[in-house]
Amino acid sequence: MPECTVPQLPWPRFDRRCYLLLLDEQQRLLLCGGCCGGWTVPQVRMTGSADFRAEGTRFLAEEFGVTAPRYGPVYGKRYSAHATDWEFDRVTALRVFFVHLSDEDSDRIERSSATHVRWDLERLHTRRREVFPEGVVTLTTGYVEGWIPDGPISLY
């Protein structure tokens, strides 16, 4: 009988990401449908000790031409040690930022790519199982409806 082996995971053993929840003036969330086989929010994979917000700002300027992003007062944070995360065999750290876009910026982004769409809360709720990462719809709903307090919130 063949022996079962666990594949070696590549480095880095420290995974840092920044998720950007982009809301326009109509409170529609910008989603990308061309990269993961489903709908996702923009994400920045980070290396080293770069600042989460600074890397998010750089990404928005380079990818979408948004040069003066307006960050919301709520942001999510998550840190997991190697032994506490069932999903990854490495330490993970992430931040989730709400960024307010003008309707003009949002329109331009959606027009520039056939894979970007904006969904309002009703559509997000109807199709919530299609949106990655899991929990984005609940987090967005709480933010838009105002029942999440300002400041950092833990995402566990």
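This note goes through the predicted model point by point, from the overall fold to single residues.

1. **Ground rules.** The model is predicted, so local features need pLDDT of at least 70 and side-chain atom pairs count only at pLDDT 80 or more, while totals for chains, interfaces and linings use all residues. Residues are numbered from 1 along each chain as its sequence is written, and side-chain values use heavy atoms, with hydrogens and water left out.

2. **Overall fold.** The protein has 4 helices and 9 strands. Helices are DSSP runs of H or I with at least four residues, strands are runs of E with at least two, and both are numbered from the N terminus. Along the sequence the pattern reads β-β-β-β-α-β-β-α-β-α-β-α-β. The protein has 156 residues, and 44% of them count as buried. Buried means under 20% relative accessible area, exposed means over 50%, and partly exposed lies in between (1.4 Å probe, protein chains only).

3. **Helix α1.** This helix covers residues 52-64. Its 13 residues reach 17 Å from first C-alpha to last, close to the 18 Å expected at 1.5 Å a residue. The expected span is 1.5 Å times one less than the number of residues. Which residues of α1 are buried? They are Phe52, Glu55, Gly56, Phe59, Leu60 and Phe64. These residues cover an arc of only 140° around the axis, which puts them on the same side of α1. The arc is that of the directions from the helix axis to the C-beta atoms. Here is the general rule: an α-helix has 3.6 residues a turn, so residues three or four places apart point the same way.

4. **The ends of α1.** At the start of α1, a side-chain oxygen of Asp51 comes to within 3.2 Å of the backbone nitrogen of Arg53. Just after α1, Gly65 has a positive phi of about 70°.

5. **Helix α2.** Residues 103-112 form this helix. Its buried residues are Asp103, Asp105, Ser106 and Ile109. Seen down the axis of α2, they fall within an arc of 160°, so they line one face of the helix. On the other side of α2, Glu104, Arg111 and Ser112 are exposed.

6. **Helix α4.** Here 7 of the 10 residues are buried, so α4 is largely enclosed by the rest of the structure. The buried residues are Val136, Val137, Leu139, Thr140, Thr141, Gly142 and Tyr143. Gly146 follows α4 with a positive phi, near 85°.

7. **The second largest pocket.** How much space lies in this pocket? About 160 Å³. On a 1 Å grid over the protein atoms alone, a pocket is an open set of points with protein on both sides within 12 Å along at least five of seven lines. Lining residues have an atom within 4 Å of a point. Grid points are joined across faces, edges and corners, and the volume is the space filled by probe spheres set on the points. The lining is Arg128, Arg129, Val131, Pro133, Glu134, Gly135, Val136, Val137 and Thr138. Helix α4 (residues 136-145) gives the most to this lining, with 3 residues. By class, the lining has 4 nonpolar, 2 polar and 3 charged residues. Ala, Val, Leu, Ile, Met, Phe, Trp, Tyr, Cys and Pro count as nonpolar, Asp, Glu, Lys and Arg as charged, and the others, Gly among them, as polar.

8. **Two backbone points to check.** Most residues other than glycine have a negative phi, and most peptide bonds are trans. The peptide bond from Phe132 to Pro133 is cis, with omega near 0°. Pro133 sits in the loop between β8 (131-132) and α4. Gln27 has a positive phi, near 65°, in a residue other than glycine. Gln27 is in the loop between β1 (14-23) and β2 (29-32). Gln27 is partly exposed, with a relative accessible area of 29%.

9. **Arg118.** This residue lies in strand β7 (residues 116-119). Is Arg118 buried or exposed? Arg118 is buried, with a relative accessible area of 15%. Its side chain makes a polar contact with the side chain of Asp107 (2.6 Å). The Arg118 side chain also makes a polar contact with that of Asp24 (3.5 Å). A polar contact is a pair of N or O atoms within 3.5 Å; within protein, one must be able to donate a hydrogen and the other to accept it, and residues adjacent in sequence count only if both atoms are side-chain atoms.

Key:
On a 1 Å grid over the protein atoms alone, a cavity is a set of points where a 1.4 Å probe fits but cannot get out, and a pocket is an open set with protein on both sides within 12 Å along at least five of seven lines; lining residues have an atom within 4 Å of a point.
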